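Walk through this fold one piece at a time. Start with what counts as touching, then follow the helices, the core and the charged pairs.

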Amino acid sequence: MGLLTKCDLGRAAATVLANPSAHINKIYNITSQPHTHADVIRLLSEHLGREIKYSVASEEDFLQAAKNEGFPDWQAKGVVGLWRAIADRVGIMSDPEAPATYKAITGIEPTTLQQWLPTVIESFK
């Protein structure tokens with residue numbers, strides 16, 4: 001899965017909005033380098049200093065969990081669709097050209113997971 005920080009997203013949006021004529025009728029897929037769930041879990045475990053385990057819920061369980069969190073049915077189904085896209089590594093979630101597209105727009109590389117995680121690790125404790 002490819003990730004993008006909100007700062008990187010803001011930078012890309014600001015770049016496009018500062019010169020909209022250069023971006024007319026263009027669609028951009030922008031993320032950082034794609035990572036597997038195993039990559040994310042390994043990095044989380046390293047930064048937290050303890051083993052994190054990853055398990056895959058069934059679609060039914062995932063849908064029920066979203067509903068239990070208060071998502072309306074239509075939105076819960078949308079979350080399941082996003083979850084399925086991530087699991088299947090489709091579209092923008094696994095576009096190998098997305099980091100190059102981000103750099104072409106902004107002039108810099110997107111923030112990597114390795115760079116971002118230390119800035120937010122306290123939220124995971």
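Contact here means heavy atoms within 4.5 Å. Helices (H or I, at least four residues) and strands (E, at least two) are DSSP runs, numbered from the N terminus. This is a predicted model: local features need pLDDT of at least 70, side-chain atom pairs count only at pLDDT 80 or more, and totals for chains, interfaces and linings use all residues. Residues are numbered from 1 along each chain as its sequence is written, and side-chain values use heavy atoms, with hydrogens and water left out.

Begin with helix 5, residues 98–106. Its buried residues are Ala98, Pro99, Tyr102, Ile105 and Thr106. Buried means under 20% relative accessible area, exposed means over 50%, and partly exposed lies in between (1.4 Å probe, protein chains only). Seen down the axis of helix 5, these buried residues fall within an arc of 125 degrees, so they line one face of the helix. The arc is that of the directions from the helix axis to the C-beta atoms. What covers them? Helix 1 is part of the cover over the buried residues of helix 5. Just after helix 5, Gly107 takes a positive phi of about 90 degrees.

Now turn to the largest nonpolar core. A nonpolar core is a set of buried Ala, Val, Leu, Ile, Met, Phe, Trp, Tyr and Cys residues joined through side-chain atoms within 4.5 Å. Nine residues make up this one: Val40, Ile41, Leu43, Leu44, Leu48, Ile52, Leu113, Leu117 and Ile121. Helix 2 and helix 6 (113–120) are the elements that give two or more residues to this core. Helix 2 gives the most, with five. In soluble globular proteins, nonpolar side chains tend to be buried together. Take Leu44. Leaving aside neighbours within four places in sequence, Leu44 is in contact with Ile52, Leu117, Ile121 and Phe124.

Ser45 is also found in helix 2. Ser45 counts as buried, at 16% relative accessibility. Not counting residues up to four places away in sequence, Ser45 touches Arg50, Glu51 and Ile52.

Next come the charges. How many salt bridges does a search of the whole structure find? It finds seven. A salt bridge is a side-chain nitrogen of Lys or Arg within 4 Å of a carboxyl oxygen of Asp or Glu. Side chains of opposite charge can pair when their charged atoms come close.

Asp8 pairs with Arg11, the closest N and O atoms being 3.0 Å apart. Asp8 and Arg11 are three residues apart in helix 1 (residues 6–18), so about one helical turn separates them. Asp8 is buried, with a relative accessible area of 2%. Arg11 is partly exposed, at 36%.

Helix 2 (residues 37–48) holds another pair, Arg42 and Glu46, four residues apart, about one turn of the helix. Their side chains meet in a salt bridge (3.2 Å, N to O). An α-helix has 3.6 residues a turn, so residues three or four places apart point the same way. Arg42 is partly exposed, with a relative accessible area of 40%.

Glu59 forms a salt bridge with Arg84, with the closest N and O atoms 2.8 Å apart. This pair links distant parts of the chain: Glu59 lies in helix 3 (residues 59–68) and Arg84 in helix 4 (residues 73–88), 25 residues apart. Glu59 is partly exposed at 30% relative accessible area, and Arg84 is partly exposed at 36%. Finally, a network of salt bridges links Lys67, Asp73 and Lys77.
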